[in-house]
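Me: Could you walk me through how to read a model like this one? I'd like the general idea each time, then the case at hand.

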Amino acid sequence: MSSTKADRKAAADTASWMFNVVTSVGIILVNKALMATYGFSFATTLTGLHFATTTLLTVILRWLGYIQPSHLPLPDLLKFVLFANCSIVGMNVSLMWNSVGFYQIAKLSMIPVSCFLEVVLDNVRYSRDTKLSILVVLLGVAVCTVTDVSVNAKGFIAAIIAVWSTALQQYYVHYLQRRYSLGSFNLLGHTAPAQAASLLVVGPFLDYWLTNNRVDAYGYTFTSILFIVLSCSIAVGTNLSQFICIGRFTAVSFQVLGHMKTILVLILGFIFFGKEGLNLHVVVGMIIAVAGMIWYGNASSKPGGKERRSLSMNGNKSQKHEGLPESTEVDDKV
C-alpha cells in the first residue's frame, strides 16, 4: 500500500513538473513571437492581463463550487503582492538596464538566494551532494546562456531588487500554502485579483517609461489580439502550475529543476527562430545542466539530502523531514 501511495505521488509530481514546463515554455515562445514579430513590447501590462484572465477563471470556478471558501489575512496578501509585483517590475527593468549576460547571471543567483531563505527562515539543511549538484546546474546554465557581461549602478540595483523579490515571492507561495492550508487555486483566487488590479494600473505607465510607446496607441490587428488571448490563456496554466510545483516541493527545487525550461527554450528557439546561436559550448552547457538536475533530484531525495528541522509547538521536541517529497508536508505550521 505504501509503495502504491509513493507511486501515485511520484506520478503526480511528474505531472506537475510537466504541466509547468509545457505552459512555461509555451508562454515564452508565444510572448517572443508577440513581441518580436508583432512589436507588442508592453510586458508589464501583458502580465496584468494574464492575472486578470486568471482571476476570471478563479471566479467562475468558485461560482461553480470547484473552489472552496478560504481565508488569507490582508497583511499576508499585501506582502505577497508587493514581492510578486516588485519581481515582475524588477525583472523588466533589469533586462532593460543590464546586458543580457548580466541579466542571466542575476536569474541564476536566485537559487543561492532561495537556499539562503530556506536555511534562515525554515532551518533547512543541505547535504554536500545537494550543494554540489546545485553548483553544477548553475555552471551548466551559465555556460550556455551567459555571453556579454556588463553592469552599471542602476542596473545592479534593479537586479538586486528583482532577485530578492522573486526569491521572496516564491518562498512565500510555499509558506502561505503550508501556513493556511491553501490549495493552489485557493491561493491564486486571493492573489490574482490584487496583482491584476495593481499591474493594470501601473503597467501602462511603466511600459511607456521603458519603451517610450503607449499601449493604447499600439496598432492592434486580429493576429496580434489572437496572440494576446493565447498568451493570457496559457498564463493561467503557468500561474497555476507554479503554485502547484512550489507547493508540492520548495522554491529551491522549483528554481533548480526549472532550469530545464531554460534548456528547452534554447532548443526550441534554435528550431523555430534560427540556429546561429547553436555551438559546441552551448551544447556542453546544456549537458552539464541536465546532469546537474538529475544529480540534484537524486541527492535531495536521499535521507539527509535536504532536511527541514522544525520545532514542535511545545518547543521541547524537534522533527526532521528528510528528502524532497517530505518538504511539501505541513510540518511546521505556526
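Predicted model: local features only at pLDDT ≥ 70, side-chain atom pairs only at ≥ 80, totals over all residues.

Me: What percentage of the residues is buried?

Reply: Buried means under 20% relative accessible area, exposed over 50%, partly exposed in between (1.4 Å probe, protein chains only). Of the 334 residues in the protein chain, 49% are buried.

Me: And how many helices and strands are there?

Reply: Helices (H or I, at least four residues) and strands (E, at least two) are DSSP runs, numbered from the N terminus. The protein chain has 12 helices and three strands.

Me: Take helix α6: which of its residues are buried?

Reply: Thr-130, Ser-133, Ile-134, Val-137, Leu-138, Gly-140, Val-141, Cys-144 and Thr-145. Viewed down the axis of α6, the buried residues fall within an arc of 165° (taken from the directions from the helix axis to the C-beta atoms), so they line one face of the helix. Exposed Arg-128 and Leu-135 sit on the face turned away from that buried side.

Me: Which residues touch the most other members of the largest nonpolar core?

Reply: A nonpolar core is a set of buried Ala, Val, Leu, Ile, Met, Phe, Trp, Tyr and Cys residues joined through side-chain atoms within 4.5 Å. The largest has 53 residues, and Phe-80, Ile-134, Tyr-172, Leu-176, Leu-187, Val-252 and Val-256 touch the most other members. Helix α7 (residues 153–180) gives the most to this core, nine residues. Apart from it lies another core of eight residues, including Phe-40 and Tyr-218.

Me: How many aromatic pairs does the structure hold?

Reply: Rings of Phe, Tyr and Trp (its six-membered ring) pair if their centres lie within 6.5 Å; planes under 30 degrees apart count as stacked, over 60 as edge-to-face and the rest as tilted. The structure holds 13 such pairs. One of them, Phe-116 with Trp-164, is edge-to-face, at 6.0 Å centre to centre and 80° between the planes.

Definitions and conventions: Residues numbered from 1 in each chain as written. Heavy atoms only, no water.
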